[in-house]
Amino acid sequence: MPVPLPRRGRAARRVRHRVTLAALPAALLTLTAAGAAPGATAPTAGAPARSPATAGAGHTAATPPARPRVFDAAPARASLQRLLPRHAGQFTLVPDAGAGPDTFTVSGTAGRITVRGSTGATLLTGVGWYLQHVAGADIGWPGDSIGLLPAELPAVPSPVTRSAQVAHRYALNDTDDGYSGPYRTFEEHQRQVDLLALHGINEVFVQVGAEYPYYKALQRFGYTAEELREWIPGPGHQSWWLLQNLSGFGGPVSEELMRGRAELGGKIAEQLRGLGMTPVLPGYFGTVPPAFAGRNPGAITVPQGDWAGFDRPDWLDPMSPPFATLAAAYYAEQRALFGDSTMYRMSPLHEGGQTGSVDVKAAAGAVQQALWAAHPGALWAVLGWQDDPTKELLAGVDTSKLLILDGLSDRYNRLDRETRWGGTSYAIGSIYNFGGHTTIGANTSVWIDRFESWRAKPDSALTGIAYLPEATGTNPAAFDLFTDLAWEPGPVDQQKWFADFAARRYGAPDAQAAAAWEELRKGPYSTSSGLWSESQDSLFTARPSLTAVGSAYWSPKAMRYPAGSVRQALDHLLKVAPRLRGSSAYRFDLVDTARQALANHSRVLLPRIKAAYEARDLALFRELTAEWAHGEQQLDALVGSDPNFLLGSWLSAARAHGADEAEQDRYEYDARSILSVWGRQSTSEGGFLHDYANREWSGLVSELYARRWSSYFASLEEALVRRAAPRAIDWHAFEDDWARLTTRHPTRPTGDPYALASGIAATLPAVN
């Protein structure tokens, strides 16, 4: 339950004070707290704080090199204690003021490992390198094998120094908060930041709580608190409100909720600053509620039309006088809660926004100037997606202070980013997960090839990587490999990388584990570019139809790799040595691989059901639909054995944010609807967003997907018996009824993952 209002007010004041301190340059904060270290100098008075991420980047070539930095390693030590509670004491973390930007050195004898680094996050990246290359252990997202580490950690054969190959290592899609968990706790976000630092990320999008600066600022522009609470969506849908795609769904939200989310966002930003990472905060580019022009003389607004069945919020012309005033109010409120940053995220006119009579070039310049009025010289990060950023937008801004996060780097062929964006700096990115789908695979060979070849171009503007799955916390191999690109001094050998991953993933080399991951490498992790960056989803999660080819309308319609590769990988994983089966990494991979093998079989089984129905073979139809139902039962039980696949955790987190039953029900509907109908009927049907965020989770499979298919097959069986056309089913009504339920589901896993995966392997046809 939320903390009562008076206590929250005091907490907000405490957070605000901490954030203000955290916003100071790291060297100044250290000097303030502990006095000057030998040889340390304070920054020039009045100089804007520079992010370590921008040092040496192509777009800041004219900026003098950063001075050696003194920083406090305590936040990194605290992260290390959380990540490696049994072994943290064997590491000595040494701030290295003389190290080059984004550089670490690892050395040491058995049980005495020393990591020197240029920032707190880089120290953790050095620890991650040691675990991966020396200790042979994995802390993945999710799953780890640290329980198999020896009591005394092994020595480093000889000191190793690594520097990042690119200055920008950005993480998190604009949709991550909605699809990965809009109701997460601080401890869950803290774990996420720890993992990102361990894997070499230095710039992280902080979205949670971004609604509160809007709420506070807009009350000075003619809106009541009640109007704004109706306009702001529930947390599950706020990602798309910030993208100017929708408003008002899943609410109204309470001020208590918004204040708590803002406090949470401030703590996340504070953690990032403490590690020397850059909190990337949402910038202001003109989103306003209805009737803004009528309440603010001189304002010019442009209706943004429709987005997937939603009315988009209006766009305030950045050239009209109230824009600069509102932007200043927004940034002031944001600063009070989140502190300052050197990097801000904005994507005006995202996915079909209307320009009206606005001069986009001039408007883009005004947006950047408003940002700089609040944060001089701050970097603007814009998503490279569809036609964005346009040439008009690029022509209106100082592109030396712009970074394009390319979401399509591995999806299409014949891409020339230097020509397309006129030499503007960009980060090569991948969106290999859409909507939080539980599906294995990624275009990893494309990543490896393009990262090296695009950087080697004589005119290359590639200055970073952008880790952009729409939802995080799935597909740990993809996370590990993509982030490794930025730190490997030479081209990654894909086959060797997966062989090494198999060994550290379960804590020791194992022939069966190696064989399993070789199958997965050749199959779902070697898909090609051209049309897709994600693998196909499951038909068990699809809206019922005998001709279904996918669950989400926007997902691949067919297999993107030979299904036998996953089936064979499952057989190999079941033969991994018993002593290596106890880790959370093994459990997750076993469940995930068995789940994928079963999901792939749905694409074999459904055409057989269709053929039996069309042949009017009632006996065979009943046999095959019973097999389908049994597969769904197996699937629900399997995913119920791992904590990463539980609907109950998702729903209980949402309800925990409500002050009373009515508010709890609203937030549960927000959380359920994003997984099913997504929005109102016009969105679900006209915008084709139903099942966009489908996922094979325990509770979701049994309560929605299996019931949906059972109803459908019952209608077909009835039609065969009566020799009549099947009765129509209103699927949107069916799904919306489910989204409005408040049934409880387990929040802890049950069952034996190995036994359940073995049962699935015994059921599935063997691969010849």
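Helices here are DSSP runs of H or I with at least four residues and strands are E runs of at least two, both numbered from the N terminus. The model is predicted: local features need pLDDT of at least 70, side-chain atom pairs count only at pLDDT 80 or more, and totals for chains, interfaces and linings use all residues. Residues are numbered from 1 along each chain as its sequence is written, and side-chain values use heavy atoms, with hydrogens and water left out.

View 1. A salt bridge is a side-chain nitrogen of Lys or Arg within 4 Å of a carboxyl oxygen of Asp or Glu. An α-helix has 3.6 residues a turn, so residues three or four places apart point the same way. Arg259 is buried at 13% relative accessible area, while Glu255, at 27%, is partly exposed; buried means under 20%, exposed over 50% and partly exposed in between, with a 1.4 Å probe and protein chains only.

**View 2. Arg655 and Asp665 belong to a network of salt bridges.** Let's start with the pair: their side chains meet at 2.9 Å, N to O. Arg655 comes from helix 23 (residues 647-655) and Asp665 from helix 24, so the bridge ties together parts that are 10 residues apart in sequence. Arg655 is buried, with 15% relative accessibility, and Asp665 is partly exposed, with 28%. Through shared partners, salt bridges join Arg655, Asp665, Glu668, Arg672, Glu703 and Arg744 into one network. Across the whole structure, the search finds 43 salt bridges.

**View 3. Arg335 and Asp340 form a salt bridge at 2.7 Å, N to O.** Both ends are partly exposed: Arg335 has a relative accessible area of 33%, and Asp340 has 29%.

View 4. Contact means heavy atoms within 4.5 Å. Beyond the neighbours within four places in sequence, Leu675 is in contact with residues including Leu647, Trp650, Trp697, Leu700 and Tyr705. Its C-alpha atom is 9.6 Å from that of Gly236, a residue 439 places away along the chain.

**View 5. Arg504 is a buried residue of helix 18.** Its relative accessible area is 3%. Leaving aside neighbours within four places in sequence, the contacts of Arg504 include Asp138, Asp480 and Asp484, and also Gln132, Ser145 and Trp497.

**View 6. Helix 16 (residues 444-456) packs against strands and helices.** With 13 residues at 1.5 Å a residue, helix 16 should span 18 Å, and its end C-alpha atoms are 19 Å apart, which agrees; the expected span is 1.5 Å times one less than the number of residues. Among the buried residues of helix 16 are Trp447, Ile448, Phe451 and Trp454. The buried residues pack against elements that include strand 15 (402-406), strand 17 (462-467) and helix 18 (494-505).

**View 7. Helix 22 (residues 618-639) has buried residues that pack against helix 21 (584-614), helix 26 and helix 28 (753-763).** Its 22 residues should span 32 Å, and the end C-alpha atoms are 32 Å apart, in agreement. The buried set includes Phe621, Leu624, Trp628, Leu635 and Val639, along with Glu632 and Asp636.

**View 8. Backbone angles to look at closely.** Most residues other than glycine have a negative phi, and most peptide bonds are trans. The bond from Trp141 to Pro142 is cis, with omega near 5 degrees, and Pro142 lies in the loop between helix 4 and strand 4 (160-163). Asp388 and Pro389 are also joined by a cis bond, with omega about -10 degrees. Gln244, not a glycine, has a positive phi of about 65 degrees; it is buried at 0%, in the loop between helix 9 (238-242) and helix 10 (255-274).

**View 9. Phe688 takes part in a nonpolar surface patch with Tyr553 and Trp554.** Together they have about 320 Å² of accessible area, by the Shrake-Rupley method with a 1.4 Å probe, where for residues only the protein chains shown count as cover. Patch members have over 30% relative accessible area and no salt bridge; like charges are joined within 9 Å and nonpolar side chains (Val, Leu, Ile, Met, Phe, Trp, Tyr) within 5 Å. Phe688 is partly exposed at 34% and lies in the loop between helix 25 (681-686) and helix 26 (700-722). Its phi is positive, near 55 degrees.
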